[in-house]
Amino acid sequence: MSEAEQISASAPEAAASAVLDALNATDSNGTEALNATAKFVATPEGTALAYGSLVFMALLPIFFGALRSVTCSKSKELGENDYDSGFRNAADMPETITSRDAARFPIIASCTLFGLYLFFKVFSQEYINLLLSVYFFVLGVLALSHTMSPLMSRVFPASFPNKQYQLLFTQGSGESKEEIVNYEFDTKNLVCLLISSVVGVWYLLKKHWIANNLFGLAFALNGVELLHLNNVSTGCILLGGLFIYDVFWVFGTNVMVTVAKSFEAPIKLVFPQDLLEKGLEASNFAMLGLGDIVIPGIFIALLLRFDVSLNKNSRTYFYSSFLAYIFGLGLTIFVMHTFKHAQPALLYLVPACVGFPVIIALFKGELTEMFRYEESSEETKEEATESEKKDQ
């Protein structure tokens, strides 16, 4: 028997939000014991290595994505389009999730999930997965390239001939000329794109678990970095809604499990439980869906930005929620192994990631300040502008 943990299912900002819908719509958010084969029984060492590695990999995009989200947020507030992380284009700037978006998201995710379920029932699984492979190949290359960009800026020496390029498409002429695409990049970005393309071809041809994980980590990091909650209340609405979504689709129906078994895309992190026996060619995987990384991750990133706004040189809420995530994920794995049944991860992650920081804020007398913290968005700016016009 092999046990695979499948816990729910992000490329620059536009890709991040589109991918996140798919990530949450797929099985993901649950763990399931699969009797895939009777020939292999995971050893305690192999199981511990697999789940330990998954937990470690899950923490990487949350931690570094949260740090990068702070830089990203500061750049957005200053109105800059060029900073160390390689952002030089409006499409690379963060997308702010409002309370309205958060309330609608579980409904959209449910419709997407059920739509995928119907697609797999009606159409050939082979052709659907072929289209998905090409789609995620393109998104994966862009996401991995964007993730590598800051690292390349530090690796290349100052003497490296870094030329600037611009991809520009316009429509019309004269005063009526309109920009369709305006993307600026440099030689370092091209190197990142080339390396990412090699990984993409490797994944497309071999579907190797290491290539899958490289894309998965890139999606998760981009999601945490570029998807910003505008306040803590919005975060609670989003996590609460997906908490119900997760429990319903895991315990109430077989839709999520069916889609997860059929869906072949880098929307999950995987690690072989038989790595010690078969090496890199191992095939019995434990899995962790990206949705259970990105959804709590964007809330943890918000708390880090709140810590920064307090100007106290303390990261109390970030570290408390980060530790809460570790606790919640560990509890999910423990319950799965105890009861040998699929477990919706958000059932444990949401109370932990929200409850721990709120309790700390309550004891420190900062609860009101936490819920009053607000990050500006285009929607709030438009509302403020309309309000000013009415006042005038």
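Is Lys364 buried, partly exposed or exposed, and what is its relative accessibility? At 42% relative accessibility, Lys364 counts as partly exposed (buried is under 20% relative accessible area, exposed is over 50%, and partly exposed is in between, with a 1.4 Å probe and protein chains only). The model here is a predicted one, in which local features need pLDDT of at least 70 and side-chain atom pairs count only at pLDDT 80 or more, while totals for chains, interfaces and linings use all residues. Residues are numbered from 1 along each chain as its sequence is written, and side-chain values use heavy atoms, with hydrogens and water left out.

Lys364 pairs up with Glu366 in a salt bridge, with 4.0 Å between the closest N and O atoms (the rule asks for a side-chain nitrogen of Lys or Arg within 4 Å of a carboxyl oxygen of Asp or Glu). Shared partners put Lys312, Lys364 and Glu366 into one salt-bridge network.

By this rule, the count of salt bridges is six. One of them joins Glu225 to Arg68, the closest N and O atoms being 3.2 Å apart. Glu225 sits in helix α6 (residues 209–226) and Arg68 in helix α2 (residues 44–78), so this pair ties together parts that are 157 residues apart in sequence (helices are DSSP runs of H or I with at least four residues, strands are runs of E with at least two, and both are numbered from the N terminus). Glu225 is buried, with a relative accessible area of 0%, and Arg68 is buried at 13%.

Another salt bridge brings Glu375 and Arg305 together at 2.5 Å, N to O. Glu375 is in the loop between α13 (367–372) and α14 (378–391), whereas Arg305 is in helix α10 (residues 291–310), so parts 70 residues apart in sequence are tied together. Both Glu375 and Arg305 are buried.

Now to the aromatic rings. There are 20 aromatic pairs (rings of Phe, Tyr and Trp, the last by its six-membered ring, with centres within 6.5 Å; planes under 30 degrees apart are stacked, over 60 edge-to-face and the rest tilted). Among them, Phe63 and Phe322 are edge-to-face, at 5.8 Å centre to centre and 65° between the planes. Phe63 belongs to helix α2 and Phe322 to helix α11 (residues 316–339), so the pair ties together parts 259 residues apart in sequence. Phe63 is partly exposed at 25% relative accessibility, but Phe322 is buried at 12%. The rings of Phe136 and Phe219 have centres 6.0 Å apart and planes at 80°, so they too are edge-to-face. This pair links helix α4, which holds Phe136, to helix α6, which holds Phe219, 83 residues away. Phe63 and Phe322 also belong to one aromatic cluster with Phe64, Phe318 and Tyr319.

Tyr127, Leu130, Val134, Val138, Leu142, Tyr165, Leu190 and Leu193 make a nonpolar patch of about 710 Å² (patch residues have over 30% relative accessible area and no salt bridge; like charges are joined within 9 Å, and nonpolar side chains, meaning Val, Leu, Ile, Met, Phe, Trp and Tyr, within 5 Å; areas come from the Shrake-Rupley method with a 1.4 Å probe, and for residues only the protein chains shown count as cover). The largest share, five residues, comes from α4. Leu130 lies in helix α4 and is exposed, at 52% relative accessibility.
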